[in-house]
Amino acid sequence: MNVQIFGTKKSSDARKAERWFKERRVKAQFIDLLDKGISKGELRSVAQVCGGLDALIDPDCKDQDALALVTYLAPAQKEDAILEHPQVLRQPIVRNGKRAAVGYRPETYLLWQKEEG
């Protein structure tokens, strides 16, 4: 498995996802959203798999000003705004090749592990 975990160090769900993979001896690369961010290509790939950009936005994020900005933009501008304000994304975003999961989803991770045998 080639796993990438996008999140912040303060996110308890991102830490839980990282621990889940570590306990099963699966190598996972942790990428801090506030430090490195997520690339435009990765964001598009995850959005395509997970149901669009709106499915990636966390309505309960702490930065309500950035959330309001991102929420009410036209779809064409929303992607750039999310890249500027990654704190509005649900965490963690876990990628495994072409597959992705948003939020802490151990049942999905287990399914990926079984598929790769």
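**Aromatic pairs, cores and charges in a predicted model**

Let me begin with the rings: the count comes to five aromatic pairs, where rings of Phe, Tyr and Trp (for Trp, its six-membered ring) pair if their centres lie within 6.5 Å, and planes under 30 degrees apart count as stacked, over 60 as edge-to-face and the rest as tilted. Residues are numbered from 1 along each chain as its sequence is written, and side-chain values use heavy atoms, with hydrogens and water left out.

One of the pairs is formed by phenylalanine 21 and tyrosine 109, whose ring centres are 4.9 Å apart and whose planes are at 40°, so the pair is tilted. Phenylalanine 21 lies in helix H1 (residues 12–23) and tyrosine 109 in helix H6, so this pair ties together parts that are 88 residues apart in sequence; helices here are DSSP runs of H or I with at least four residues, strands are E runs of at least two, and both are numbered from the N terminus. Tyrosine 109 also faces tryptophan 112 in a tilted pair, with centres 5.8 Å apart and planes at 45°. Both tyrosine 109 and tryptophan 112 are buried, where buried means under 20% relative accessible area, exposed over 50% and partly exposed in between, with a 1.4 Å probe and protein chains only. Phenylalanine 21 is buried too, at 0% relative accessibility. Ring pairs link Trp20, Phe21, Tyr104, Tyr109 and Trp112 into a cluster.

Turning to the cores, which residues have the most contacts inside the largest nonpolar core? They are Leu56, Ile82, Val88 and Leu89, in a core of 21 residues, a nonpolar core being a set of buried Ala, Val, Leu, Ile, Met, Phe, Trp, Tyr and Cys residues joined through side-chain atoms within 4.5 Å. Among the elements that give two or more residues to this core are helix H2 (40–50), helix H5 (75–84) and strand E4 (99–102). A second, separate core has twelve residues, including Ile5, Val26, Val94 and Tyr109.

On the charged side, there are eight salt bridges, each a side-chain nitrogen of Lys or Arg within 4 Å of a carboxyl oxygen of Asp or Glu. Aspartate 80 bridges to lysine 40 with the closest N and O atoms 3.3 Å apart, and since aspartate 80 lies in helix H5 and lysine 40 in helix H2, the pair ties together parts that are 40 residues apart in sequence. Aspartate 54 meets lysine 78 at 2.7 Å, N to O, with aspartate 54 in helix H3 and lysine 78 in helix H5, 24 residues apart. In that pair aspartate 54 is exposed at 53%, whereas lysine 78 counts as buried at 10% relative accessibility.

Finally, consider aspartate 32, in strand E2 (residues 28–32). Aspartate 32 is buried yet has no salt bridge, and the nearest side chain of opposite charge, lysine 9, is 6.0 Å away; Lys and Arg count as positive, Asp and Glu as negative, and His and the chain ends are not counted. Leaving aside neighbours within four places in sequence, aspartate 32 is in contact (heavy atoms within 4.5 Å) with Gly7, Thr8, Lys9 and Gly37.

Notes: This is a predicted model: local features need pLDDT of at least 70, side-chain atom pairs count only at pLDDT 80 or more; totals for chains, interfaces and linings use all residues.
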